[in-house]
Amino acid sequence: MGLRARVTTTFALGALVLSGSLATITYLTVRSSILNQEQSSLTREAVANAEAIAGALETPGSDALTALQSFGTSPGSQALLEQNGSWYSSSNLQPSLVPAGLRSLVLKGHLSDQVVSDAGTPELVVGVPMKAVHSATGYFQVFSLDEESKTLRTLSGSLVLAAVV
C-alpha cells in the first residue's frame with residue numbers, strides 16, 4: 001500500500017473516531033439534560049399532588065381512596081397511596097411496582113424517586129412522604145418515560161448515522 005493510501009486511510013479512521021466521540025459526547029449530554037429536566041418536573045408535580053391529597057385527607061370524614069381519586073393525574077401517570085400498610089390506587093396500578101427501598105425511604109420521611117421498568121417501559125416512581133397526615137403514609141406517583149425513551153432512541157440513531165457519514 002502506497003504512502004498516499006496509508007495517509008488517506010489514517011485520516012479517514014481518525015475522522016471516524018473523532019465523529020464517533022463527538023456523537024457519544026453529544027448523546028450523553030443531551031440524555032442527561034432531558035432526564036434531569038423531566039425528573040425535576042415530574043417530582044414537582046408529584047409533590048403538588050401529594051400536598052393536595054394531604055389537605056383532602058385532613059378533612060373530617062374523608063378516606064384515602066376518595067381523596068386519591070378526587071385528584072387527577074397527568075396523562076401517562078398513575079398514583080398510589082400507602083396509609084398504615086394499606087394501599088389505595090387511582091387505577092389498576094399494583095403496589096409491587098414501587099421498589100421496597102424507595103417505599104422504605106418515603107415512609108421514613110424522605111422524598112425519593114427511582115426509575116423502574118414495567119413490561120419493558122421505563123417509568124419514574126416518585127415517592128412523597130405525607131407526615132402531616134400520618135407518619136406511615138406515602139404518596140407514590142408513577143410516570144411513563146416512554147416518550148423520552150423514544151426520543152433518545154431517535155437521537156441515538158441519528159447520531160450514529162451522522163458519525164458514519
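Trainee: Let's start with N84. How does its relative accessibility class it: buried, exposed or partly exposed?

Mentor: The idea is to compare the relative accessible area with two cut-offs: buried is under 20%, exposed is over 50%, and partly exposed is in between. N84 has 48% relative accessibility, so N84 counts as partly exposed. Keep in mind that this is a predicted model.

Trainee: Where is N84 found, and what is its phi?

Mentor: N84 sits in the loop between β1 and β2. Its phi is near 55°, a positive value in a residue other than glycine.

Trainee: Which value does phi take at A119?

Mentor: A119 is not a glycine, yet its phi is positive, about 55°. You will find A119 in the loop between β3 and β4. Its relative accessible area is 81%, so A119 is exposed.

Trainee: Now to helices. How does the reach of α1 compare with the expected span?

Mentor: A helix can be checked by taking 1.5 Å times one less than its number of residues. Helix α1 covers residues 3–57, which is 55 residues. From its first C-alpha to its last it reaches 80 Å, close to the 81 Å expected.

Trainee: Which residues of α1 are buried?

Mentor: They are A23, L42, T43, A46, N49, A50, I53, A54, A56 and L57.

Trainee: And what covers the buried residues of α1?

Mentor: The cover includes two helices, α2 (64–69) and α4 (146–164). It also includes the strands β1 (77–83), β3 (112–118), β4 (121–129) and β5 (137–144).

Trainee: Next, salt bridges. How many does the structure hold?

Mentor: To spot one, look for a side-chain nitrogen of Lys or Arg within 4 Å of a carboxyl oxygen of Asp or Glu. The structure holds 2 salt bridges. One of them joins the side chains of R103 and E82, at 2.5 Å from N to O. This pair links distant parts of the chain, with R103 in helix α3 (residues 100–107) and E82 in strand β1, 21 residues apart.

Trainee: Are R103 and E82 buried or exposed, or something in between?

Mentor: E82 has 1% relative accessibility, so E82 counts as buried. R103 has 31%, so R103 counts as partly exposed.

Trainee: Which residue forms a salt bridge with K150?

Mentor: That is D146, and the closest N and O atoms of the pair are 3.4 Å apart. Both residues lie in helix α4, 4 residues apart, about one turn of the helix. K150 counts as partly exposed because its relative accessibility is 39%. D146 is partly exposed as well, with a relative accessible area of 25%.

Trainee: How should I read contacts, for instance those of Y88?

Mentor: Look for heavy atoms within 4.5 Å. Leaving out residues up to four places away in sequence, Y88 touches A64, L65, L68, A79, L80, L81 and Q83. Y88 itself is in strand β2 (residues 86–89), and it is partly exposed at 25% relative accessible area.

Trainee: What does V116 contact beyond its neighbours in sequence?

Mentor: Setting aside neighbours within four places, V116 is in contact with L97, P99, T121, P122, E123 and V125. V116 lies in strand β3, and its 13% relative accessibility is why V116 counts as buried. From V116 to I53 it is 24 Å, C-alpha to C-alpha, and the two are 63 residues apart in sequence.

Trainee: What is the volume of the largest pocket, and which residues are closest to its centre?

Mentor: Its volume is about 210 Å³. There are 14 lining residues, and the closest to the centre are R31, L35, V115, L124 and L145.

Trainee: Which elements supply the lining of the largest pocket?

Mentor: α1, β3, β4 and α4 each supply at least two residues. The most comes from α1, with 5 residues. Sorted by class, the lining has 7 nonpolar, 3 polar and 4 charged residues.

Trainee: One more residue: where is K108?

Mentor: K108 is in the loop between α3 and β3. With a relative accessible area of 59%, K108 is exposed.

Methods:
Residues numbered from 1 in each chain as written. Predicted model: local features only at pLDDT ≥ 70, side-chain atom pairs only at ≥ 80, totals over all residues. Heavy atoms only, no water. Buried < 20%, exposed > 50% of the residue type's maximum accessible area, 1.4 Å probe, protein only. 1 Å grid on protein atoms, 1.4 Å probe; cavity = no way out; pocket = protein on both sides within 12 Å on 5 of 7 lines; lining within 4 Å. Points joined across faces, edges and corners; volume = space filled by probe spheres on them. Nonpolar A, V, L, I, M, F, W, Y, C, P; charged D, E, K, R; others polar.
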